[in-house]
Amino acid sequence: MDIKELKKENKELRSKLNKDDKNFIDAVSFYLDQFQLSSLERQEIMNQIYRDVMKKIEVNNSLWFIIEDPVKYCDQFLWGKEKKVKNIKEEWVMFIILFITMIALYILMMNFSNEIPVIIQDKKGFVVTTGMIINSISLLLFSLVPIKMRVSNPFNKNHYSVKFFSAQALSLFFALMMGGFAKNHILFNIDKPIVYGITLIGLAYLTIKRKLI
């Protein structure tokens, strides 16, 4: 079975799971990310796990309780596979590229959505404000922090429960509110070709990088 067929079958199997069991499979996926696996190997292992859990699912119980030791359970499908060695430098490069790309996207979005008053618009370039910077940092941090928490401890069930009034949600709200207050405070203007170029190059790099992982 090739990778396209595996992806299709895995998607179909996933659709048969309830929300709680899907969260468990997401935890398994985060755990697999720690190992040196090709895209095909990853899909093959996920397919084996999907097929196995389908046999274990009970009507009144979730996979979180059926599988007592998730790490040991996953390791039986990962026999002989080595864990990845974290490259801090590479992670920082990815973070910086993601941050710059997000700012460029935010600049495009704000300048094309009439959020920038006509008085301060620049026909030759795009306006960059403090609000754009603050909002970009906020969105980036609060989208990456939960992922990092799940990767570091994927089988902590609490990471997958959504709490509307969580400290994280409130912090994000206040951060975005601060960005809103500062949105018309101009920092500088930047030429349009530069913003377009950064956006295209950043998105292309991140897309290619994602496919290679």
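In this predicted model, residues 24 or more positions apart account for 80% of the contacts in the protein with a separation of 6 or more. The secondary structure consists of nine helices and two strands, arranged along the sequence as α-α-α-α-α-α-β-α-α-β-α. The protein has 213 residues, of which 31% count as buried. Its accessible surface amounts to about 14,100 Å², and carbon and sulfur atoms contribute 62% of that area.

Helix H1 spans residues 3–15 and contains 13 residues. The distance from its first C-alpha to its last is 18 Å, close to the 18 Å expected at 1.5 Å a residue. Four residues of H1, namely Leu 6, Glu 9, Asn 10 and Leu 13, are buried. These residues lie on the same side of H1 because they cover an arc of only 100 degrees around the axis. The buried residues of H1 pack against helix H3, residues 39–56. On the face turned away from the buried side, H1 carries Lys 4, Lys 8, Lys 11 and Ser 15, which are exposed. At the N-terminal end, H1 is capped by Asp 2. A side-chain oxygen of Asp 2 is located 3.2 Å from the backbone nitrogen of Lys 4, a residue that also belongs to the exposed face of H1.

The nonpolar interior was examined next. In soluble globular proteins, nonpolar side chains tend to be buried together. In the present model, the largest nonpolar core comprises 23 residues. Within this core, Phe 24, Ile 25, Val 28 and Ile 49 touch the most other members. Two or more residues are given to the core by each of helix H2 (19–32), H3, helix H4 (63–66) and helix H5 (70–75). H2 provides the largest share, six residues.

The surroundings of Phe 24 were considered separately, with neighbours within four places in sequence left aside. On this basis, Phe 24 is in contact with Leu 63, Trp 64, Ile 67, Pro 70 and Phe 155.

Methods:
Residues are numbered from 1 along each chain as its sequence is written. This is a predicted model: local features need pLDDT of at least 70, side-chain atom pairs count only at pLDDT 80 or more; totals for chains, interfaces and linings use all residues. Side-chain values use heavy atoms; hydrogens and water are left out. Buried means under 20% relative accessible area, exposed over 50%, partly exposed in between (1.4 Å probe, protein chains only). Contact means heavy atoms within 4.5 Å. Accessible areas come from the Shrake-Rupley method with a 1.4 Å probe; for residues, only the protein chains shown count as cover. The expected span of a helix is 1.5 Å times one less than its number of residues. The arc is that of the directions from the helix axis to the C-beta atoms. A polar contact is a pair of N or O atoms within 3.5 Å; within protein, one must be able to donate a hydrogen and the other to accept it, and residues adjacent in sequence count only if both atoms are side-chain atoms. A nonpolar core is a set of buried Ala, Val, Leu, Ile, Met, Phe, Trp, Tyr and Cys residues joined through side-chain atoms within 4.5 Å.
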